[in-house]
Amino acid sequence: MRLLIGIACIVLVTTSYGQTSLKGINLKAGEHKVGFRHYTIDDSTRTYRIHNEFNNRYIERPIPISIWYPAKIEDDNSQQLTVLNYLEVLKEEEEWKNLPNYFLLDWFPYLWNTPQNISHLSEKVNAFSNPAYLGENFPVVVYAPSYQASSIENFALFEYLASNGFVVVSSPSRGTNTRWLEGGTTKDMETQSRDVEFLLKEIRNHKNIDSEKIALMGFSFGGLSNAITIMKNKNISAIVSLDGTERYNYPVLENSSYFNLDRFTIPYIHFAQKKIPKEVITSDKIPEELNYKFQLYDSLKYSTIYRYRFHDLTHSYFSSFGVLFTNRDKRQDKSDDKIMTSYNLLCHHTLQFLNATLKNDKKARDFIENKPVENSFSESLVSKQTKRAIEKDFTYKDFNDLALKQDYQNLIPLYEKTVTKHPNLQLQEGMLNMLGLRLSFDSKKAKQGVNVFLLALHLYPKSANLYDSLAEGYLFMGKKEKAIENFEKSLELNPQNQNAIDRLEQLRE
């Protein structure tokens with residue numbers, strides 16, 4: 001018995017069963033033990049319907065969350081997980097949580113019931129269930145799964161990253177109203193992007209993450225969703241795409257109201273599958289352009305892009321599920337040994353990129369900048385292209401982002417440091433004056449407003465209007481003497497300033 005409802009299935013002409021194992025992937029864990037937690041919280045801003053309840057009842061949108069993290073294993077009470085434990089998470093996210101485990105490999109179309117796959121269920125993984133967090137903060141990776149896939153589809157990679165000092169957070173790919181997507185539409189993409197943004201807010205509730213060091217990572221359709229997410233969110237430092245469909249589904253991106261190439265400015269690494277053989281392209285009616293088209297790569301200006309192609313990996317094998325459970329296509333798939341070697345290499349490159357961009361590790365930066373042969377990898381295994389970012393003009397808005405990030409404190413040193421890097425930066429008097437007034441008349445931000453005026457006067461020391469505004473800021477804060485002092489300075493520069501004349505008359509009564 002195999003459930004196929006609502007799933008687009010491709011029947012391959014010739015297949016064979018994989019012979020892999022987690023041990024065969026040979027991912028050498030880092031220095032940390034790995035914890036795993038899974039829980040669900042609701043997004044009260046959206047509604048959702050559980051497909052399998054068949055009662056049309058709408059509820060708040062549930063967001064299942066899986067999280068891998070560097071852990072403290074203090075005793076033997078923490079249970080080491082198995083592959084079966086992850087598949088129980090899959091059942092819940094597929095909304096079949098009461099399905100008996102003996103149906104698992106019969107029920108879902110990508111988990112074939114073979115002796116090899118049955119043997120995977122009892123394999124121990126590297127993660128432990130719900131141990132304590134280590135008492136330090138780590139960079140975080142937010143993961144967007146492939147089309148309608150589970151949060152745990154790439155668990156081996158997630159454990160590997162967590163053992164090397166990262167927190168990984170993932171949630172399943174679901175449609176807008178139910179778990180079913182519409183077919184890879186812009187609406188589907190924006191829904192998944194919104195789920196990713198929900199995770200970006202949720203991670204701030206975890207004490208062991210460094211909220212200043214966040215990367216996005218996605219597989220297949222998740223890569224497309226992440227591309228639009230970074231066009232909306234400025235708090236992301238890097239993006240990893242595991243054969244993401246943003247490579248060839250550019251129109252889906254363009255159709256979004258959030259589409260803005262100028263906001264895609266962070267380091268970006270894209271790992272692509274091997275070229276699809278002509279036999280498969282012809283027989284499966286696959287557009288030949290999938291082998292070479294990458295419109296996003298060609299269109300981006302302000303992001304440095306590292307573009308790799310793994311010559312032994314077809315699309316399915318960019319996930320742990322694919323490596324372990326997917327049947328092999330004899331027309332194009334390499335041997336299991338080559339698949340496992342390349343998946344291992346994919347994980348290693350991902351770690352190096354994240355170490356380079358989130359931890360500023362020099363060895364990792366050198367690794368990413370090197371050609372594969374300089375890292376001792378044959379170009380028959382992996383090849384690489386790099387496209388350097390064009391330096392974007394640094395504007396008032398960019399400076400304001402920096403100022404906001406440090407709560408408008410120490411603005412003069414910030415300006416002097418910034419203008420060294422960006423000598424063409426122009427901070428106009430009027431814009432600073434407007435910002436200062438908006439902050440000054442907010443009782444919670446009045447001090448920050450004064451700081452903006454002090455920066456403005458550092459740049460425009462003979463502005464009577466700025467001294468007048470600074471005086472108003474001090475007056476709003478109740479600092480009468482400071483207000484008088486600055487109204488007087490304004491009058492010295494402009495004896496016709498009627499506002500200063502009137503204010504001084506009031507203050508001296």
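1. Start with Arg49, which sits in strand E2, residues 33-49. Keep in mind that this is a predicted model. Arg49 is buried yet has no salt bridge. Its nearest side chain of opposite charge is Glu95, and that is 8.2 Å away. A salt bridge here needs a side-chain nitrogen of Lys or Arg within 4 Å of a carboxyl oxygen of Asp or Glu. So what does Arg49 touch, leaving aside neighbours within four places in sequence? The contacts are Asn56, Arg57, Tyr58, Asn177 and Thr178.

2. Glu93 is buried and has no salt bridge; Arg174, the nearest side chain of opposite charge, is 6.5 Å away. Setting aside neighbours within four places in sequence, Glu93 contacts His38, Pro64, Ser66, Ser150, Ser151, Pro172, Arg174 and Arg179. Arg174 is thus on the contact list, but no salt bridge is formed by Glu93.

3. Next, a loop. Thr326 lies between helix H11 (320-325) and strand E13 (328-329). Which residues does Thr326 contact once neighbours within four places in sequence are left out? They are Ser316, Tyr317 and Phe321. With Ser316, 10 residues apart along the chain, the C-alpha separation is 7.4 Å.

4. On to helix H20, residues 498-507. Its buried residues are Ala500, Leu504 and Leu507. They lie on the same side of H20 because they cover an arc of only 65° around the axis. What do these buried residues pack against? Their partners are helix H18 (464-476) and helix H19 (480-493).

5. The N-terminal end of H20 has a cap, Asn497. One of the side-chain oxygens of Asn497 lies 3.2 Å from the backbone nitrogen of Asn499.

6. Finally, the overall picture. The protein has 20 helices and 14 strands, and its C-alpha trace spans about 95 × 50 × 45 Å along the principal axes. Of the 509 residues, 53% are buried. Among contacts with a separation of 6 or more, 75% are between residues 24 or more positions apart.

Terms used
Residues numbered from 1 in each chain as written. Predicted model: local features only at pLDDT ≥ 70, side-chain atom pairs only at ≥ 80, totals over all residues. Heavy atoms only, no water. Buried < 20%, exposed > 50% of the residue type's maximum accessible area, 1.4 Å probe, protein only. Helix = DSSP H or I, 4+ residues; strand = E, 2+ residues; numbered from the N terminus. Arc of directions from axis to C-beta. Contact = heavy atoms within 4.5 Å. Polar contact = N/O pair within 3.5 Å; in protein donor to acceptor, adjacent residues only side chain to side chain. Lys, Arg positive; Asp, Glu negative; His and termini not counted.
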